[in-house]
Amino acid sequence: MKKFYYFVTILLVASVGLGFSNVIQHKKAFPSLTGTYNTTLSKSTSGLITYFYASNSINGPFTSPAVLSTKDSLFIKMDVTPGGTVQVIFWIDANSNDIIDSDDFPIGQESFTDNAPGVDLDPTSGVIISNLETGFLPSMKVIAQANEGMTLVTGIVEFVNPPAMFSFNGTVYDINTLQPIKGVNVFAFTGPDEGVGDLTDVNGNFDIPLDTGWYYIRVEHMLGQYQPFDTLIYIDGNISHDFYLETFNSYIRGYVKDELNNPIPNVSVYARVDNWENETLTNSNGEYFLLVPSGNGRIGLDSRTLIPNYMVPQEHNFTIGENDSIVDNEISNFTCYTANATITGRVIDNIHMPPIPPYVVAAWSGQLASYTETLTDGSGNYTLQVHSNSTLQPLYSVWVQTEHWQFPFPEDVYVDTSYWNLPPGSVADFRIIPAETSAVDPFIGNFVNPDPMKWNIFSFGNPWGPQSETYVLNINDKLEAKCKSNFGLSGVGVMSKKPFSLKNREFRIYIETQDLGANNTAHIMFTNQQRYDNPDYISNWIMLNWTANGWRLDIKVDNNMQTLWNTNNPAGGHILFQFFDNPKILRLKIDGDIKYEGSWGSHLPFAYYYAFTENNYPYNATPVKFDEFFVGAIGSTGVKEISDNIPTEFKLFQNYPNPFNPKSYIKYQLPFNSIVKITVFNLLGQEVGTLLNTQQKAGTYEIEFNSANLSSGVYFYRINAYDPLSGKQLFGDIKKAVVLK
């Protein structure tokens, strides 16, 4: 067998060239499990569990042992005392003998409560069916040890790889002791999220079925005790290779205690350095020990092992070198304040039928640098367990989370408020409100602020100051945003006061790009977070970016960014986003041309709308001008201003082309700011559609008339213009259009 040692750098360079660089990251088999090395199950005086079964479908069949593909979903089923809780520890059966013995090791634990929202998918009392989140699964055998009270059962799930033409096999050794290492994930990737793997057995052996081709190989210890290894290999037959791993030589050791210095056992402590992560549990003295790689990282505590009994302290940043340690100091030690008080309230949801969806309510105290969270019940009531202290006198910010890995926020609704500086014992109620479905703003005015009922001024960085050139104003019936940074990167613009639905909605805006220079940028962003912050620090968004080098459409999902489309052509300015539902598709048009049409992550249940520009010190930038903001149903905002010269009279032009199928265009002009309504009628005088109903400033416009839902025949389109203040009709006209299919 050939042995890999230190030529990995050459192969890594080659792998990046083949587009596999995103693969170099930690891949957890069961991301939702709490890390554990504590194998002591709780014992009470009652319990009813008699089985633990598994399946790849919520509908079964459920069995034990269950044999599933590594590509399958994992559903588990248990019986339980009605309303009871089952604690499950998951073990790797390293010697594949179907029993838990000294060769095996635990990889995580989780608790499952009967009929708990978001946990139990079976409404039957006394039966739990739950979906266990799976990440990258190697072929392996897992023993689930499930306990309720004095009752204890085990269930077996074996994951197998799909068959392939060849075998890639070998043994993984400790480079210093030359002893085989069990529990090592050996993955063979063909792309960032495509591949297969095997978990080494008690003898360190692995065997992966592969077809012909290039593979990116990742060798990584499941418990994070060894430095991971990466290489590139070409498979065109059966190949055997051994790998030699080296243990980490740096570590962090510390304590987790309460505010009275009492140790807190069984708290999960995690550390992350770049894409590596590992976790462990504190012992009876509250002490933990973690081997870590060198570099800059973060260390923190898993909230699931603290809430509701303790507040969760914020993460600590650390820097550690080779053969280094961080021991018993302000970085490695954590103080968890006991929960001795409450904040209560209700999330009032009159939109969804009861029982209402579970909402996650969270609280943060700056004085304690700690947070907590809880779940509403079926009526929306919640109780937050917080800390009260006469010396520190902590105050709390309280809000409803719209991003949560386990409880997704419902679509098309948002929360009416958040609270600041609440003392323990407070009552804080929230209301669920439908997201906005339409809006219009022609940005009318000259040297006036944007409409405060529609917009908040958005800024980040350092754009303001006594001599600042920064401003965000309506000028000459356009929104102008000029940013002059005083230090580093800054940005200014507007963000919508309320969020919008993204279900069958379209958003139009005009960006005047022709006069922008090399130091200008323009951005349109959709995000479910209303924050005054650099978008780099916002975890979920969709963003269209303009620079002098061209356009780029990006998405960010859970802090992972991806470019959907880009061009080095900076031309264009009429922007149209269309969000389709079922299936969820995003279409981007610039000046009427489709630039992107495809999936977009579907990660935003609603979205605040941002229009802004950025500037980097010390460069000077000219103002960016925005205009023609519209939001409506798909097809309702197909209007664009084709001239901002003020016409002398109202006029409705004949559509062109005519006859047409399926699209035609209607031009009209307004000498005054007007509320404009354009409707379509058939020969019987029945209204068959409304093309436009909004306020517009003086100018010449063109709107798309799409007959996709109309049959062949003669139709009439009518325009009415009204004074925005008095409502008096200023103009009306009607013309004939012919649909010919």
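Reader: Why is glutamate 480 called buried?

Author: This is a predicted model, and in it glutamate 480 has a relative accessibility of 8%. Buried means under 20%, so glutamate 480 counts as buried.

Reader: What makes the link between the side chains of glutamate 480 and tyrosine 471 a polar contact?

Author: The distance is 2.9 Å, side chain to side chain. The cut-off for such a pair of N or O atoms is within 3.5 Å, so this pair of side chains makes a polar contact.

Reader: Which residues is glutamate 480 in contact with, leaving aside its neighbours within four places in sequence?

Author: Here you find Tyr471, Val472, Leu473 and Ile475, along with Pro623, Val624 and Lys625. Each has heavy atoms within 4.5 Å of glutamate 480, because that is what contact means.

Reader: Where in the secondary structure does glutamate 480 lie?

Author: Look at strand E37, which covers residues 478-482. The protein chain comes to 56 strands and 1 helix.

Reader: How many residues does the protein chain have, and what share of them count as buried?

Author: There are 741 residues, and 51% of them count as buried. Glutamate 480, at 8% relative accessibility, is one that counts as buried.

Reader: What about contacts between residues at least 6 apart in sequence: what share join residues at least 24 apart?

Author: That share is 65% in the protein chain.

Terms used
Residues are numbered from 1 along each chain as its sequence is written. This is a predicted model: local features need pLDDT of at least 70, side-chain atom pairs count only at pLDDT 80 or more; totals for chains, interfaces and linings use all residues. Side-chain values use heavy atoms; hydrogens and water are left out. Helices (H or I, at least four residues) and strands (E, at least two) are DSSP runs, numbered from the N terminus. Buried means under 20% relative accessible area, exposed over 50%, partly exposed in between (1.4 Å probe, protein chains only). A polar contact is a pair of N or O atoms within 3.5 Å; within protein, one must be able to donate a hydrogen and the other to accept it, and residues adjacent in sequence count only if both atoms are side-chain atoms.
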